[in-house]
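Good morning, everyone, and thank you for coming.

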Amino acid sequence: MSEPSLNEKQLTELNEILEIARTTEQKARELYEMATLMALKCQIQDEIREVGKQPAGAIE
């Protein structure tokens, strides 16, 4: 038995779904990158605060 072929409408719908999936994946990557950068920024700010708490001359 041969597989039924996709008609034009089904093919169009599948292509639309694939495009949505690609866009969603790209947005997820962008959000992950943004979250990573924000976490690094917070970490750097915390380290700067810690350094600011050190007595003068303690940092070399």
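This is a predicted model: local features need pLDDT of at least 70, side-chain atom pairs count only at pLDDT 80 or more; totals for chains, interfaces and linings use all residues.

Is D46 buried, partly exposed or exposed? D46 is partly exposed, because its relative accessible area is 44%, and here buried means under 20% relative accessible area, exposed means over 50%, and partly exposed lies in between, using a 1.4 Å probe and protein chains only.

Residues are numbered from 1 along each chain as its sequence is written, and side-chain values use heavy atoms, with hydrogens and water left out.

The structure holds 5 salt bridges, a salt bridge being a side-chain nitrogen of Lys or Arg within 4 Å of a carboxyl oxygen of Asp or Glu. One of them joins D46 to R49, with the closest N and O atoms 2.8 Å apart, and R49 is itself partly exposed at 48% relative accessibility. Both residues lie in helix α1, 3 residues apart, about one turn of the helix; helices (H or I, at least four residues) are DSSP runs, numbered from the N terminus.

Helix α1 covers residues 8-53 and also holds K27 and E30, whose side chains meet in a salt bridge at 3.9 Å, N to O.

Finally, K53 and E50 form a salt bridge at 3.4 Å, N to O, where K53 counts as exposed at 61% relative accessibility, whereas E50 is partly exposed at 43%.

How values were computed:
Helices (H or I, at least four residues) and strands (E, at least two) are DSSP runs, numbered from the N terminus.
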